[in-house]
Amino acid sequence: MHVKQIGRGLANGLKVTASHLLKRPITRPYPDQRAATPPRFRGAHRLIAEDCVVCHACDRVCPVDCITIKGYRGEDRKFVLEQFDIDYNLCMFCNLCVEACPPTCLLMGPEFEISSATRRELVWTLKDLSYTKKSEKEGSL
Ligand code: SF4
Ligand code: SF4
């Protein structure tokens, strides 16, 4: 009786396994294949620096105070962005900074591979965050 139950259990298990043998796998061989991120995905930020008016709205609204901005007033009285850092040791990808930006020049992109070996490397600077209007139009954000 006991042996019969084991045999039935085994047969059922093999039946389930066999039914999945010819199906396409749901998982992907990451990192060779990356899943497409949805349009409103909250990945690493992108800054269209030429449009930034150095108003500090993003900086002020950030709940964890992880944005550092420095700028100066240029000869034409317009503010020039000098430093824009986001510390990804602290950022929680809440999107509040993006919502607060008046000229909508701060965005969240599809990049999620931001891990690093040191804490220092998790502080992204203007160079890492800068994005151009041309790239935005081409839809490569
Ligand atoms: S996403 Fe949130 S936590 Fe990250 S920088 Fe923006 S406001 Fe701060
Ligand atoms: S809110 Fe926008 S315009 Fe103002 S400092 Fe931040 S990124 Fe620049």
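**A loop proline and beyond**

Guide: Pro-31 lies in the loop between α1 (2-21) and β1 (45-47); helices (H or I, at least four residues) and strands (E, at least two) are DSSP runs, numbered from the N terminus. This is a predicted model, in which local features need pLDDT of at least 70, side-chain atom pairs count only at pLDDT 80 or more, and totals for chains, interfaces and linings use all residues. Residues are numbered from 1 along each chain as its sequence is written, chains are lettered from A and ligands numbered from 1 in the order in which they are written, and side-chain values use heavy atoms, without hydrogens and water.

Back to the proline. The peptide bond from Tyr-30 to Pro-31 is cis, with omega near 10°. Most peptide bonds are trans, and most residues other than glycine have a negative phi.

Two residues have positive phi. Asp-65 has phi near 55° and is not a glycine. It sits in the loop between α2 and β2 (67-73). Asp-65 counts as exposed because its relative accessibility is 57%; exposed means over 50% relative accessible area, buried under 20%, partly exposed in between (1.4 Å probe, protein chains only). Thr-104 has phi near 45°. Its loop runs between α3 (96-100) and β4 (106-108). At 52% relative accessibility, Thr-104 is exposed too.

Asp-59 belongs to helix α2 (residues 57-61). Beyond its neighbours within four places in sequence, Asp-59 is in contact (heavy atoms within 4.5 Å) with Asp-65, Ile-67 and Ile-69. Asp-59 is buried, yet it has no salt bridge (a side-chain nitrogen of Lys or Arg within 4 Å of a carboxyl oxygen of Asp or Glu). Its nearest side chain of opposite charge is Arg-60, 6.6 Å away. A polar contact of 2.9 Å joins the side chains of Asp-59 and His-56 (N or O atoms within 3.5 Å; within protein, one must be able to donate a hydrogen and the other to accept it, and residues adjacent in sequence count only if both atoms are side-chain atoms).

14 residues surround ligand 2, with Cys-52, Cys-55, His-56, Cys-58 and Cys-101 the closest; a surrounding residue has a heavy atom within 4 Å. Ile-67 is among the residues around ligand 1, which also include His-45, Cys-62 and Phe-93.

How values were computed. Lys and Arg count as positive and Asp and Glu as negative; His and the chain ends are not counted.
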